[in-house]
Amino acid sequence: MGLSQADAARRLNVSRSVVQRLWDQYQSEDYVSRRPVPGRPRATTPAEDRFLALSARRRRTTTVPQLVADHFQASGRRISATTVRNRLHNAGLYARRPVVCVPLKGGQRRNRLCFAR
C-alpha cells in the first residue's frame with residue numbers, strides 16, 4: 001500500500017517494532033511466518049465456545065455427551081467431553097443435581113399449609 005512502517009503499525013494497532021521485524025523477515029526469507037507460541041493449541045475457537053454455551057443455555061436438560069455430538073455435527077471435528085465441561089465452566093455454567101424430594105399428596109399439602117399459617 002506504500003505506507004511507512006509507523007503508519008502501517010498505527011493502522012494495524014501494533015507496535016512499530018512488530019512491523020519492522022515482519023518486514024525484515026519478508027526481505028530475507030521471502031515469506032512471513034508466525035512465531036511459535038508456548039502451550040498446546042486450543043481445541044475450540046471462541047465462536048465454538050459461544051456455540052457450546054448457547055446450546056447448553058437453550059436446552060437446559062442437555063448432557064455433555066449430547067453437546068459433544070452437536071459440536072461434531074456442526075463442525076465435523078471431535079472434541080472431548082472434558083473440553084466441553086471446561087468451556088461451559090468458563091461461561092459460568094456448572095452441573096447441578098436436581099433436589100430429590102418425595103411428592104406430597106393433597107392432604108399432606110393442606111396439613112403443611114395449615115401448619116405454616
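Entry 1: I began with α4, whose buried residues are V64, L67, V68, D70 and H71. Seen down the axis of α4, these buried residues fall within an arc of 165 degrees, so they line one face of the helix. The arc is that of the directions from the helix axis to the C-beta atoms. By buried I mean under 20% relative accessible area, by exposed over 50%, and by partly exposed anything in between (1.4 Å probe, protein chains only). Helices (H or I, at least four residues) and strands (E, at least two) are DSSP runs, numbered from the N terminus.

**A word on the source.** I am working with a predicted model, in which local features need pLDDT of at least 70 and side-chain atom pairs count only at pLDDT 80 or more, while totals for chains, interfaces and linings use all residues. Residues are numbered from 1 along each chain as its sequence is written, and side-chain values use heavy atoms, with hydrogens and water left out.

**Entry 2: the rest of α4.** On the other side of α4 I found P65 and Q73 exposed. What do the buried residues of α4 pack against? They pack against α3 (46–58) and α5 (81–90), where contact means heavy atoms within 4.5 Å. I also checked the length: α4 covers residues 64–75, twelve residues, and reaches 16 Å from its first C-alpha to its last, close to the 16 Å expected at 1.5 Å a residue. The expected span is 1.5 Å times one less than the number of residues. After α4 comes G76, with a positive phi near 80 degrees.

**Entry 3: the partner helix α3.** I ran through the list for α3, and its buried residues are E48, D49, L52, A53, S55 and A56. They fall within an arc of 160 degrees seen down the axis of α3, so they too line one face of the helix. As a reminder to myself, an α-helix has 3.6 residues a turn, so residues three or four places apart point the same way. On the other side of α3, P46, R50 and R58 are exposed. The cover over the buried residues of α3 includes α4 and α5. The 13 residues of α3 should span 18 Å at 1.5 Å a residue, and its end C-alpha atoms are 18 Å apart, which agrees.

**Entry 4: the core.** Which residues make up the largest nonpolar core? I noted ten: L52, A53, A56, V64, L67, V68, I79, V84, L88 and L93. Such a core is a set of buried Ala, Val, Leu, Ile, Met, Phe, Trp, Tyr and Cys residues joined through side-chain atoms within 4.5 Å. The elements giving two or more residues to this core are α3, α4 and α5.

Entry 5: T83 lies in α5 and counts as buried at 14% relative accessibility. Beyond residues up to four places away in sequence, T83 touches A43 and T44. Y26 lies in α2 and is partly exposed, with a relative accessible area of 39%.

**Entry 6: positive phi.** Most residues other than glycine have a negative phi, and I looked for exceptions. N13 has a positive phi near 60 degrees; N13 sits in the loop between α1 (5–12) and α2 (16–29) and is exposed at 71%. D30 has a positive phi of about 65 degrees; D30 is in the loop between α2 and α3 and is exposed at 62%.

**Entry 7: cysteines.** How many disulfides does the structure hold? I found zero, taking a disulfide as a pair of cysteine sulfur atoms within 2.5 Å. C101 counts as exposed at 61% relative accessibility, and C114 counts as exposed at 58%.

**Entry 8: stepping back.** The protein has six helices and zero strands. Its radius of gyration is 27 Å, whereas a compact globule of 117 residues would have one near 13 Å. That radius is taken over C-alpha atoms, and the globule rule is 2.2 Å times the number of residues to the power 0.38. The C-alpha atoms fill a box of roughly 85 × 35 × 25 Å along the principal axes. Of the 117 residues, 20% count as buried.
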